[in-house]
Amino acid sequence: MVTDNDKIIDNLTQSEYKYGFTTEIETKTIPKGLSEETVRQISKIKNEPEWMLEFRLKAYYKFLTMKCPDWAHLNIPEIDFQDIIYYAAPKQQAKYESLDEVDPVLIETFNKLGIPLEEQKIFAGVAVDAVMDSISVKTTFKTTLAEKGIIFCSFSEAVQQHPDLVKKYLGKVVPPHDNYFAALNSAVFSDGSFVYIPKGVRCPMELSTYFRINAINTGQFERTLIIADDDSYVSYLEGCTAPMRDENQLHAAVVEIFAEERASVKYSTVQNWYPGDKNGVGGIYNFVTKRGICRGESSKISWTQVETGSAITWKYPSCILKGDNSVGEFYSVAVTNNFQQADTGTKMIHLGRNSKSTIVSKGISAGKSQNSYRGLVKVSKKADNSRNFSQCDSLLLGDKCGAHTFPYIDIQNDTSIVEHEATTSKIGEDQLFYCNQRGIDTEVAIGLIVNGYAREVLNKLPMEFAVEAQKLLQISLEGSVG
Amino acid sequence: MSDNLIIDKYKTDNIMLQIKDLHASVDGKEILKGINLTIKAGEVHAIMGPNGSGKSTLSAVLTGNERFQVTQGEIRYKGKNLLEMAPEIRSREGIFLSFQYPVEIPGVSMVNFMKTVVNEHRKYKGLDPISASDFLKLMRDKKELVGIDSQLTNRPVNEGFSGGEKKKNEIYQMAMLEPTLAILDETDSGLDIDALRIVANGVNKLRTKDNATIVITHYQRLLEYIVPDFVHVLYQGSIVKTGTKELALELEEKGYDWLK
């Protein structure tokens, strides 16, 4: 049996990465390497105000004093920061109001990725900010949203148009010195999305950012800032892909979320960066800091992530539950195949009374990959009656992969209740045979079983993307029988 | 003889399944030691025998479970070489196993599972996927036919089902697929008398002159409801006696010892 399984795994994990193409477009880049000059140059290209440059420089000097974190269950090759291009942009104006001004090659690229930028063709009810390499290409439905007072634009634009908002919130939940990669991002970030939902407004459509790395030797460092004012609601989704290249590319992003009184933010990610080939060559190094703060009473932040891509993933979307009765949620499916490595999870920091958090993590490992869940639940002294429920399940396909769970619990309040459940299972031969006996071949059976396993999390995704995510899970695991 | 000629001959003779000198083992231990069996369309064959006689091994080998290795012999199904077919192909060719221990698949609803199953079978026959409305109608009709509780179909496959519900669910799937050769492996085990009647009724309703059924059981109780044309006694890996339904009664009375 073992040899049969190995054969199937070896034969079939060769499924092609669908988004691996490169777009031929003239790119404006700055020279390779990281220095104070690089930081100044990026700020200058973006025509930034002085305070923004100061923020960057402070972060840069902080970064120089820090070390790459080594506590994760990851084998991270040394990254040569002097060998990376920190700014690359398709050669044209920074921003377009009308689609007619956008280079047809770019429109074609996003069409190929299934992200049409023509508003009439786009998914009903989804506004998109499309980011290629270092800049935002186009944001759709801006006028419709503006009527409600909603700001949805590229980060660079927000710095110019809404400096007070940016100044007030930037770096307040992920300070530049938070960690090594956050410091790097704060110094060299190039673009990203900015969202502001005014008081009492329920955002009428899904907001979405689509990130695409295209240029060679380039790192992508985007920054997303979402502010939900009192009694507002927004659902936000990010997607990402990259060309297939033999060398590794770095992606170090920062996402900050602020939920004020009774505000609710739902943040969903479908992460599909290029994972490298079946021998572990190439792929994106994905080091991301995502954190939200429930500042207001009864506010809520919910993270849902489907992680299938990247050679290395280091990512812990977290919630600081400061407001009384605030709610934090983390729903995650992380799939690793071939030589992929993922160390992902969450932190739930309970500060407010009656705050609640839920963690549901489903790890799926195949091939020779390593998949770890790492999570912290912290309840502070004042967080009376707070509750957490964590469930961490691991599913193994094959016998060459690894699944690991690292839960950390720090409780300083004895009126709180924290529950943790964890399971590890293998896709059973009996399950596969049962499906086979009903006429389902092994490939399809694995997709079915894995989607069933991850259903609890997939159900949390907005409808438009749940179907896409299901297909993605199936493709990522093609052939990895266990 | 060429394959096509063999297939024609089996058709003319109305032979659905022919097992010749079948030997099979698991983990190097020989379980089946020379089985010979011929089943014609329209027939019901009961296979009885004490624990460990090889009954379930036979059903596993017929359905292509890779845990079991065929070391000798031949199986022809509708004239075709069955041992060359992958398990899913055997299914699509009309072989259905009602499992002794149906497997749970958490998170996969029966609706989703059955729709996948039905469409895999249709694809094999060169048909387009079934429409949602036709599929729902098919499910309704078959549920009625086998008298299954309608709530079962909205739940994940076999998850949290009672023993009786699991067995009913097997017969329901059988009704959905209308197999040519159905193998019921200890379908009566764990069923109370009411559930047994429902299951047996379902099986009987699905009988036609064109399909055949193999009933594997310990007890003759099930055979009161599903009346066999032949009863075979399997003992230590071979068929030691073949008779009609009266043989089952005799076994009930005397046990298996007198056959040794």
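**Chain contacts and core of the predicted model**

In this predicted model, 18 residues of chain A are in contact with 20 residues of chain B, contact being two C-beta atoms, placed from the backbone, within 7 Å. On the chain B side, helix 3 (87-92), strand 7 (105-109) and helix 4 (110-124) each supply at least two residues; helices (H or I, at least four residues) and strands (E, at least two) are DSSP runs numbered from the N terminus. This side of chain B comprises nine nonpolar, seven polar and four charged residues. Residues are numbered from 1 along each chain as its sequence is written, and chains are lettered from A in the order in which they are written. Local features need pLDDT of at least 70 and side-chain atom pairs pLDDT 80 or more, whereas totals for chains, interfaces and linings use all residues.

Chain A contains 12 helices and 22 strands. Of its 482 residues, 57% are buried (20 or more other C-beta atoms within 10 Å; 12 or fewer is exposed, and in between is partly exposed). The largest nonpolar core has 182 residues, and Val195(A) and Val265(A) have the most contacts inside it. Strand 10 (residues 248-259) of chain A gives the most to this core, eight residues. Beyond four places in sequence, Val195(A) touches residues including Ile151(A), Phe152(A) and Leu207(A).

Asp384(A) lies in the loop between strand 19 (370-379) and strand 20 (387-396) of chain A. Asp384(A) has 16 other C-beta atoms within 10 Å and is therefore partly exposed. Its contacts beyond four places in sequence are Arg353(A), Asn413(A) and Thr415(A). Asn413(A) is 29 residues from Asp384(A) in sequence, with 6.5 Å between their C-alpha atoms.

Conventions. Core = buried A, V, L, I, M, F, W, Y, C linked by C-beta atoms within 7 Å. Nonpolar A, V, L, I, M, F, W, Y, C, P; charged D, E, K, R; others polar.
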